[in-house]
Amino acid sequence: MNQDEKLSIIKDILLTDEREFASSIEKKIKILEKTINEKKNLSTKVDPIIDEKLKEFIEEIPKSLGPTITEALKKEITNSKDAVVEALFPILGKMVKRYVQHEMKLLSERINNQVNNTFSFKRFFRKAKSKTTGINESDLIIQEQTNTKIEQVIIIEKGSGLLLAEISKNKMADEDMVAGMLTAIKSFVEDAFKEESQDLQYIEYDHYHIHLQNFSSFYIAVVVSGAYNVIFKDKLEDKILDFTSKQKVFDILKNKNILNQKLEEFFNNGNI
Amino acid sequence: MAISKKIVLIGHFGVGKTSLIRRFVENAFTEDYKVTIGVHISKKNIEIPEEETVSLIIWDLEGQDDIKNTRPSYLLGTNGFIYVFDLSRPVTFENLDSEVTYLKENFPNTPVKVVGNKMDLVNKVYLSDYNDVFKPLVDFYVSAKTGSRVELLFSKLAKELI
């Protein structure tokens, strides 16, 4: 037995425990490696911990982050009001539209009930009108309630915006200034769109509708209250055309007195 | 029935166009400066002796550094122009000649009154320094603040329009 063999035997005797320990460590490392490197194994170990922490975090959010988020939102809304309005407008618009539709449906049902439960000559005539015109009786009632009226008719010189003639039921704002401002608005819109031979035809203001009808050297603005719908617009356009041709407006444009008189005669009852 | 005439006031920013109109229409003045956006329209009837009543429809246009930037449709059908500049701010009259020429060339039959406003802020020596610029062009030296010659300016223009 030489020196090296003796040394080996001594090593075996002295280091048996350490070797066994090293071997067990090696095994544990391999298991650990397997656990870390294989997603499934890692997931089995880690998921419950994450789930638990996440649950704790969610439960804590209102307490820990709530005030910060609320404060940040408040600040952001205050600083970017326009952006917030822009973002909310489509949503609110739909909500309002749905609400109005719902309310209109309710109104229609209420009117139907009223019609079915009452009898009068008015109802008899309305029924007859409904049959002859083909318009739903409920629509006729609504039409009666939203009576459209001509409040003011203004004839305005194109370009200068000077008032040529005017009639009104109730004295509203100064007609000369209204004529000027309408012309300025018209000029601005028409300039802005830079489309030749296109005219501004309608302005809505509060519960008034301003119908604008253009001719070569002047235009007529009609202020209407109540429901301004396509049928009314059509009739109004015809009436204005009728007025300009029958009264030969082009020939009397320079004579304010005669033009005013003709306008008053033609639109005296305010109806169409 | 009064004859209506369209008067348009133009000029640089802050020269006092709105103040002049306010002085003429309401006989009032304020130091607060509110910039005119777009156009503002006022009206005042004035009696012309031995003539008739003239209804002045006064268009106060927003200030422009260059008259060419004024929206052309606002100038259509104008019966009389008042070109206003600020006597105390040379930047508002450094192109006076070309601006007035532009108006006279583009609206040959329309009277133009060239008006130096804020007369209360300058003295005779100052005016004589700029005599070469002002004398050939300026029709009126006025002050919206004191009301000096404002009434005269509008009534003289109204007379020319009849």
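**The sheet of chain B**

Guide: In this predicted model, six strands of chain B form an open sheet with mixed pairing, in the order β2-β3-β1-β4-β5-β6. Its edge strands are β2 (39-47) and β6 (140-141) of chain B, each of which pairs on one side only.

Chain B has six helices and six strands. Along the sequence they follow the pattern β-α-β-β-α-β-α-β-α-α-β-α. Of the 162 residues in chain B, 38% are buried.

β2(B) and β3(B) run antiparallel, joined by nine bridges. One pairing to look for is B:His40, whose bridge partner in β3(B) is B:Asp60. Next comes the step from strand β3 (residues 53-61) of chain B to β1(B): these run parallel, with seven bridges between them. Here B:Lys6 stands opposite B:Ile57 in β3(B).

From strand β1 (residues 3-11) of chain B, move on to β4(B). The two pair in the parallel sense over five bridges. B:Ile10 has B:Tyr83 in β4(B) as its bridge partner.

Stop at β4(B). Strand β4 of chain B covers residues 80-86, and seven of its seven residues are buried, so the strand is largely enclosed by the rest of the structure. Look at where the residues point. B:Gly80, B:Ile82, B:Val84 and B:Asp86 point one way. B:Phe81, B:Tyr83 and B:Phe85 point the other way. All of them are buried.

Beyond β4(B) lies strand β5 (residues 112-117) of chain B. The pairing is parallel again, over six bridges. B:Phe81 stands opposite B:Val112 in β5(B). To get from β4(B) to β5(B), the chain passes through helix α3 (residues 96-106) of chain B, in a right-handed β-α-β crossover. This α3(B) lies across β4 and β5 of chain B and runs at about 170° to β4(B).

β5(B) and β6(B) run parallel and are joined by two bridges. There, B:Val115 stands opposite B:Phe140 in β6(B).

As background, strands of a sheet pair through backbone hydrogen bonds, either parallel or antiparallel. In this sheet, β2(B) with β3(B) is an antiparallel pair, while β1(B) with β4(B) is a parallel one.

Now turn to chain A. Its secondary structure comes to ten helices and five strands. Buried residues make up 15% of its 272 residues. Among chain A contacts with a separation of 6 or more, 47% come from residues 24 or more positions apart.

Take two of the helices of chain A together. Helix α1 (residues 3-37) and helix α2 (residues 39-64) of chain A have axes that come within 5 Å and cross at roughly 90°. That makes α1(A) roughly perpendicular to α2(A). At their meeting, A:Lys34, A:Thr35 and A:Ile36 in α1(A) face contacts with A:Asn41, A:Leu42 and A:Lys45 in α2(A).

Helix α7 (residues 175-193) of chain A has 19 residues. From first C-alpha to last it reaches 27 Å, close to the 27 Å expected at 1.5 Å a residue. Its buried residues include A:Val178, A:Ala179, A:Leu182 and A:Lys186. An α-helix has 3.6 residues a turn, so residues three or four places apart point the same way. Just after α7(A), A:Lys194 takes a positive phi of about 50°.

Finish on a single residue. A:Val222 lies in strand β5 (residues 218-225) of chain A. A:Val222 has 22 other C-beta atoms within 10 Å, so it counts as buried; the cut-off is 20 or more. Leaving out residues up to four places away in sequence, A:Val222 touches A:Ile150, A:Val153, A:His211 and A:Leu236. A:Ile154 is 68 residues from A:Val222 in sequence, yet their C-alpha atoms are 6.4 Å apart in space.

Definitions and conventions. Residues are numbered from 1 along each chain as its sequence is written. Chains are lettered from A and ligands numbered from 1 in the order in which they are written. This is a predicted model: local features need pLDDT of at least 70, side-chain atom pairs count only at pLDDT 80 or more; totals for chains, interfaces and linings use all residues. Helices (H or I, at least four residues) and strands (E, at least two) are DSSP runs, numbered from the N terminus. A residue is buried if 20 or more other C-beta atoms lie within 10 Å of its own, exposed if 12 or fewer, and partly exposed in between; C-beta atoms are placed from the backbone. Two strands pair if DSSP finds at least two bridges between them. A crossover is right-handed if, with the strands pointing away from the viewer, the path from the first strand over the helix to the second runs clockwise. Two residues are in contact if their C-beta atoms, placed from the backbone, lie within 7 Å. Axes are lines fitted to C-alpha atoms, for helices over the stretch in contact, and angles run from 0 to 180 degrees between N-to-C directions. The expected span of a helix is 1.5 Å times one less than its number of residues. Angles under 35 degrees count as roughly parallel, over 145 as roughly antiparallel, 65 to 115 as roughly perpendicular and the rest as oblique.
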